[in-house]
Amino acid sequence: MSENKKEEIIKVNHITKRYDDNSVLEDFSLSVYEGEVVVIVGPSGCGKSTILRIMNGLEPIQKGEVTYRGEKVDGKLGSITRIREKVGMVFQSYELFPHKTILQNVMLAPVLVQKRDKKEVKEEALQLLARVGLAEKKDSYPRQLSGGQKQRVAIVRALCMHPEVLLFDEVTAALDPEMVREVLEVILSLAKEGKTMVIVTHEMAFAEAIADRVIFLDAGQIEEEGTAEEFFRHPKSERAKQFLNSFTYEKK
């Protein structure tokens, strides 16, 4: 990220998130700035995916607030709809409609939700599919694609909505190792273009390569925060060192 001061796009401010009696996040705060790539890492169950879902209005919170460019995002339908048009989310489970072709999946939301011209949307959708190497799959159905191909379609679908922020929730978790690289290369190319992104991942080499800022989460709290260089090369907390060591045992 540039040294120049960037505008704060999303602010998660002193939020508390509980499921019944289970506290997932307690007094949690995080800001995301324009053009920044924030990567959230941490052990399973620490609240990483929950943070993304809160940012996109998919999860209610008990305390605190979420703001988008200074505007509070509340539980009202209009507020949620506005943020989802600006904040795109890509899930690990693709969420593609099985009865629609790849092109129809990509075009659906821009045409129905944003009321954009169908011809213009189709042209852009085809360009985006070509960009990720899937132009020839436009008339195929999701069942005819590999996991890596379906995940690239999900990214294209999000991009076609012209989001200002992209959220990626463990997008390689369900993929075979051979398919991981093709998805990560697409995300890396978006980072090079200056897209604002928040990424939850367990791919540590990818996190180190792409992150402007790494957030290490443990038990719903930020245990450590810093640049990729600081976190991966010079972790400060014992918990972060322990976490990173769990990925390097093969080298011992």
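**A helix pair and a sheet**

A: Start with the handedness: in this predicted model, helices α5 and α6 cross in a right-handed sense. Helix α5 covers residues 147–159, and helix α6 covers residues 177–192. Their axes come within 8 Å and cross at roughly 20°. An angle under 35 degrees counts as roughly parallel, so α5 is roughly parallel to α6.

Now the residues that meet. From α5 come Gly-147, Gly-148, Gln-149, Gln-151, Arg-152, Ile-155 and Leu-159. Facing them in α6 are Met-179, Glu-182, Val-183, Val-186, Ile-187 and Leu-190. By type, the contact holds 7 nonpolar, 4 polar and 2 charged residues.

Next, the sheet. It is open and has 4 strands, in the order β2-β1-β4-β5. The pairing is antiparallel. Strands β2 (22–33) and β5 (71–73) stand at the edges. Each has a single partner strand, so one side of each is left without a neighbour in the sheet. From one strand to the next, the twist averages 25°.

Look at β1, residues 8–19. Strand β1 pairs with β2 over 8 bridges, in the antiparallel sense. Within that pairing, Ile-10 stands opposite Val-32 of β2. Arg-18 has Ser-23 of β2 as its bridge partner. The two strands form a hairpin, with 2 residues between them.

Helix α1, residues 48–55, lies across β1, β2 and β4 (63–68). Helix α1 runs at about 60° to β2.

Leu-112 belongs to helix α3, residues 102–112. Its relative accessibility is 51%, so Leu-112 counts as exposed. Leu-112 and Val-153 are 41 residues apart in sequence. In space, their C-alpha atoms are 18 Å apart.

To return to the part you asked about: α5 and α6 cross at roughly 20°, and the crossing is right-handed.

Key. Residues are numbered from 1 along each chain as its sequence is written. This is a predicted model: local features need pLDDT of at least 70, side-chain atom pairs count only at pLDDT 80 or more; totals for chains, interfaces and linings use all residues. Side-chain values use heavy atoms; hydrogens and water are left out. Axes are lines fitted to C-alpha atoms, for helices over the stretch in contact, and angles run from 0 to 180 degrees between N-to-C directions. Angles under 35 degrees count as roughly parallel, over 145 as roughly antiparallel, 65 to 115 as roughly perpendicular and the rest as oblique. A crossing is left-handed if the near helix is turned anticlockwise from the far one by less than a right angle, and right-handed if clockwise. Contact means heavy atoms within 4.5 Å. Ala, Val, Leu, Ile, Met, Phe, Trp, Tyr, Cys and Pro count as nonpolar, Asp, Glu, Lys and Arg as charged, and the others, Gly among them, as polar. Two strands pair if DSSP finds at least two bridges between them. Buried means under 20% relative accessible area, exposed over 50%, partly exposed in between (1.4 Å probe, protein chains only).
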